[in-house]
Amino acid sequence: MTLSRLSLAAALLAASALAAPAQELRIALQSDPDTLDPDPNRSFVGRVVLAALCDKLVDITPELEIVPQLATGWSWSDDGRTLTMDLREGVTFHDGTPFDAEAAKWNIERSQTLDVSQRKTEIETIQRVEVVDPATLRLHLSTPDAALLAQFTDRAGMMISPTAARAAGEEFGRDPVCSGPFAFDSRVAQDRITLTRFDDYWNADAIHFDTVTYLPIPDTTVRLANLQSGDVDMIERLAATDLGQARAAPGISVETVTPLGYQGITFNLANGPGAEDNPWADDPRLRQALNLSIDRDALNQVVFDGVFAPAIQPFAPDSPWFDADWPVPDRDVEAARALLAEAGHPDGLPLEVQVPNSTEAGRVMQVVQSMAAEAGIEIELVSKEFATLLADQARGAFEASQIGWSGRIDPDGNLATFLHSEGGLNDSGFGSAEIDTQLAEARAATDPAARKEIYDAVQDVANAELPILYLYHRNWVYALDDDIEGFTPYPDGIIRLEGVRRSDG
Amino acid sequence: MLSFILRRLLIAIPTILLISVFVFTLQKLLPGDPILAMAGEERDPATIEFLREKYRLNDPIPVQYVTWVGNALTGDLGISLRTNQPVLELIGQKLPVTIQLATMAMIFALVIGIPAGILSAIRKGTLTDYVANVVALSGLSIPNFWLGIMLILLVSVKWQLLPASGYVPFGEDPLRSIQVMLMPAFVLGTALAATLMRHTRSAMLSVLTSDYVRTARAKGLSERRVILRHAFRNALTPIVTLSALLFGELIAGAVLTEQIFTVPGFGKLIVDAVFTRDYAVVQGIVLVTAVGFIIMNLLADVAYVLLNPRLRGQ
């Protein structure tokens, strides 16, 4: 009896010595994600959580190259209308359902047909999905679409378990089942989302945590305080103005990366009431004058302590799609005044700009306002709560609007959405037959160099017309506890957990 | 007593209806479209139209209201546009959090406010009185968000004594749950303590000069007995009324406090819901808050009767 008790105790001791302590990673997010179903999902923080739950067909490198994830290889047909993908074998979803071409086909069709899907336009060129064999998927497109592959690096490429999704229906997002490195454990709205390690993950060696918890903490100061007090290991979107404090704090390191998107001012050129009797809509010289009156470097220094990057185009300077012909211009107040005079407004003229009621937008626009005033442009700022601003922008009840774009991996997503006459977010009402043609050509071209050339040409036209005046790129700023290592920031802002580990564990 | 409570509950029904009409209309007057606000950067036209139909946002407003009331009567408060969760379930998750915060804040308020009020009344004009008044006034004038952030920086970041924010359910780990809630409850409680202190002070002052207190003193009762048994008990009626009314302030204060300390309660839920025009959630919260307010006031009325026998039978 005593002996067996002893041996039991010894066995227990041995077991506890062998088992490493459970590793937990705690990440503070700026807001609470919406639904965790990749199809209807529409928030950035939702994508951050989904990235740990759901593998995508392809992923990106920090340099924006497309690399394998669930698809190990792919090839385009010569006419650019067929995309054949080789799928990773031996992958299972968290519920044990195998991932194969049938599952991938079901996923793509769900994204296209689910009532609440926000992915429909992203993959609208897919006409038919063909299962060649369990490890090969072929997509037949209605028109060539070079941007399609990049869509699969985000939610349109996330694969969910067909078994679980069929059973859960619309409720799927409340208990998502995918094939990523972590499986869904629990969620308390506005408090936390907990995921646990998926042991059968195909790339399990790269994962070094047993659980990961995402905590929405909206206030940036409080997010930083939580990191400093050791309650979280990592925070996203630290305010640029808190960067100095974070860098000076012991035990904290900071990572930044230029983003895919931009912030700017959108002019209403031809969208509803705001474009009528509006000199700003009629004469590009006025828009050029405002453009020349702004010192973007000074703006970046004054408002963001120089942490962000000045912008003159929809691509950040280190993006492969950045057009070197359009560097950030120097401020030229005299030239701005001359342009105003030439356009028949030698005494200047007013401009009403709607601004989201956030501290950042307010500060940015106050600086722009005082710079523009020196050139004779009197900017009147109309501060609006964000939902109102969006609605007014969509129905054209604005002269100009301070708004940004989170950016897309494929350049088409930063240009066509806003500059194509039928672009989904073309609230400016801008239309140029030349740009429409160029954008169609660029989609049809699969060679990146050829596409780059066309996009550069698009920018030449857009910069003459200036429907959007680009101001700055809001760099992604992360702060981490010093014992977290292996984290690489990506331009899409999504936190990837592969390779991230705790140094003392 | 029972018929009194029943009568009060019946009177509450039209009040609740009126509040719900008011909030429903106010919400619809707000500019901004819930579906656009929700879609953000992703505006798939077909999906947007589908969602408008699904959530019946294309119906005339009176029709939307009647539908809502009809569903609410069967216990269905609708579904959150933002998270897709049933509103009732969301409220079920959040209510215990805010109740815990409010209870702890109220304890802070009572424990600080009432003794301070009594003390400053019996020592009127002395240094104690002035100090208590200055502290109370600062409690009233220091904004919650400032005090909250200062406390986080001092207590959590500098001294590392308490967690900076968040929430642990009481049932999961009671000690930790109280620890996490200490700072938010303190911040929320201090503002109320100030109000309570001022009211206790003035109620005590008026009672202390009354005839029966003088009689009690003349009888040779100990000062302690005079103050606690004769004066304070009679001063309690207005304090109880105030405490019930403070419940409203507690909920309003919770909105700010929960935002700062990231406490996932009612306040945070309603702020997020208003910003995203999540109508069903706002409506549900207001309904539950209104009912809570009515219950608190009913309890206060019952408490009067218990405290003051002269009110019995009235």
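Reader: In which helix of chain B is A121(B) found?
Author: Quick note before we start: this is a predicted model, where local features need pLDDT of at least 70, side-chain atom pairs count only at pLDDT 80 or more, and totals for chains, interfaces and linings use all residues. Residues are numbered from 1 along each chain as its sequence is written, and chains are lettered from A and ligands numbered from 1 in the order written. Helices here are DSSP runs of H or I with at least four residues, numbered from the N terminus. On that numbering, A121(B) sits in helix 5 of chain B.

Reader: Is A121(B) buried or exposed?
Author: A residue is buried if 20 or more other C-beta atoms, placed from the backbone, lie within 10 Å of its own, exposed if 12 or fewer, and partly exposed in between. A121(B) has 24 such atoms within 10 Å, so it counts as buried.

Reader: Which residues does A121(B) touch, leaving out those up to four places away in sequence?
Author: Touching means that the C-beta atoms, placed from the backbone, lie within 7 Å. With that cut-off, the partners are R201(B), M204(B), L205(B) and L208(B).

Reader: How far apart in space are A121(B) and R198(B), C-alpha to C-alpha?
Author: Along the sequence, 77 residues separate A121(B) and R198(B). In space, C-alpha to C-alpha, the gap is 9.5 Å.

Reader: How many residues does the contact take from chain B?
Author: Chain A puts in 36 residues. Helix 6 (220–228) and helix 13 (386–394) of chain A each supply at least two residues of that chain's side. From chain B, the contact takes 43 residues.

Technical notes:
Contact = placed C-beta atoms within 7 Å.
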